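Hello,

Here is the structure I promised to hand over. Have a look at it first, and my notes follow below.

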Amino acid sequence: MVVELLHSGHKKAAFSCEHERLSRYLHQQARQDVARNVAQCFVLAADENKVAGYYTLSMASIPAHDLPDEQRKKLPNYPAYPVVLLGRLARDQSFALVGIGNLLLIDALARIAQVAQTQIAAFAVVVDPIDDRAQEFYAKYGFAPLKNTHRMFLPTTTVQMFAAQLNLQPTEIIPPKSAI
Ligand SMILES: CC(C)(COP(=O)(O)OP(=O)(O)OC[C@H]1O[C@@H](n2cnc3c(N)ncnc32)[C@H](O)[C@@H]1OP(=O)(O)O)[C@@H](O)C(=O)NCCC(=O)NCCS
């Protein structure tokens, strides 16, 4: 399996995860979001372009008052801070029980750690858990709740420390075979 940018050859329509909303996003919306630079969509592609899972990344910001006081005290007094939004993450149900969710999340975090270190600063990674189970999934990796919202965050410094300790590298991106 390989991580690729979403392209027209991926079998999007066959993708099915536990949440119809996240399956439908890949079927109907992801390509437009990529084309309009609203999100980048990374696909874990299996044999014959089957989609084993996907995640999306976008730049975003969070209001300073959403951060727990302990975090805010460590930062300059700005009204908002830059973050990377891991907006969606899902794996196909036929690929359950083989660690795809873990693989997708680690790949996303390694990519963010690398970009934040060498290219564009982001204070934290923010996720939008779709339900309580997704919240538990992210909490396992150290994501903590933000205030005033259902979103969760993980400071980039923590991600970078983790990536350095485990020598994590994001999978190299193979350019799309055809324009989307
Ligand atoms: C959440 C999701 C991505 C997990 O993928 P997965 O392939 O089942 O997860 P993995 O097998 O890689 O498990 C990774 C770890 O998370 C745990 N985990 C998996 N699903 C979980 C859930 N729903 N709640 C809590 N923990 C969960 C696993 O037990 C495992 O922990 P361990 O390493 O300590 O055993 C998958 O269930 C999915 O696509 N769900 C529908 C979409 C969704 O809810 N996305 C969440 C973001 S909005």
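Which strands do the buried residues of H1 pack against? They pack against S2, S3 and S4, with contact taken as C-beta atoms, placed from the backbone, within 7 Å. Before going on, please note that this is a predicted model, in which local features need pLDDT of at least 70, side-chain atom pairs count only at pLDDT 80 or more, and totals for chains, interfaces and linings use all residues. Residues are numbered from 1 along each chain as its sequence is written.

Helix H1 covers residues 20-35 (helices are DSSP runs of H or I with at least four residues, strands are runs of E with at least two, both numbered from the N terminus). Ser23, Tyr25, Leu26 and Ala30 are buried in H1 (20 or more other C-beta atoms within 10 Å of a residue's own, these too placed from the backbone). H1 also bends by about 60° at glutamine 29, the angle between axes fitted to the seven residues ending there and the seven starting there. After H1 comes asparagine 37, with a positive phi near 60°.

Now to the sheet. It is open, with 7 strands in the order S1-S2-S3-S4-S5-S7-S6 and mixed pairing; two strands pair if DSSP finds at least two bridges between them. S1 (2-5) and S6 (144-145) are at the edges with a single partner strand each, so one side of each has no neighbour in the sheet. S2 (residues 40-45) and S3 (residues 51-63) run antiparallel, joined by 6 bridges, and phenylalanine 42 sits opposite tyrosine 55 in S3.

Best wishes

Note on methods: The expected span of a helix is 1.5 Å times one less than its number of residues. A residue is buried if 20 or more other C-beta atoms lie within 10 Å of its own, exposed if 12 or fewer, and partly exposed in between; C-beta atoms are placed from the backbone. Two residues are in contact if their C-beta atoms, placed from the backbone, lie within 7 Å.
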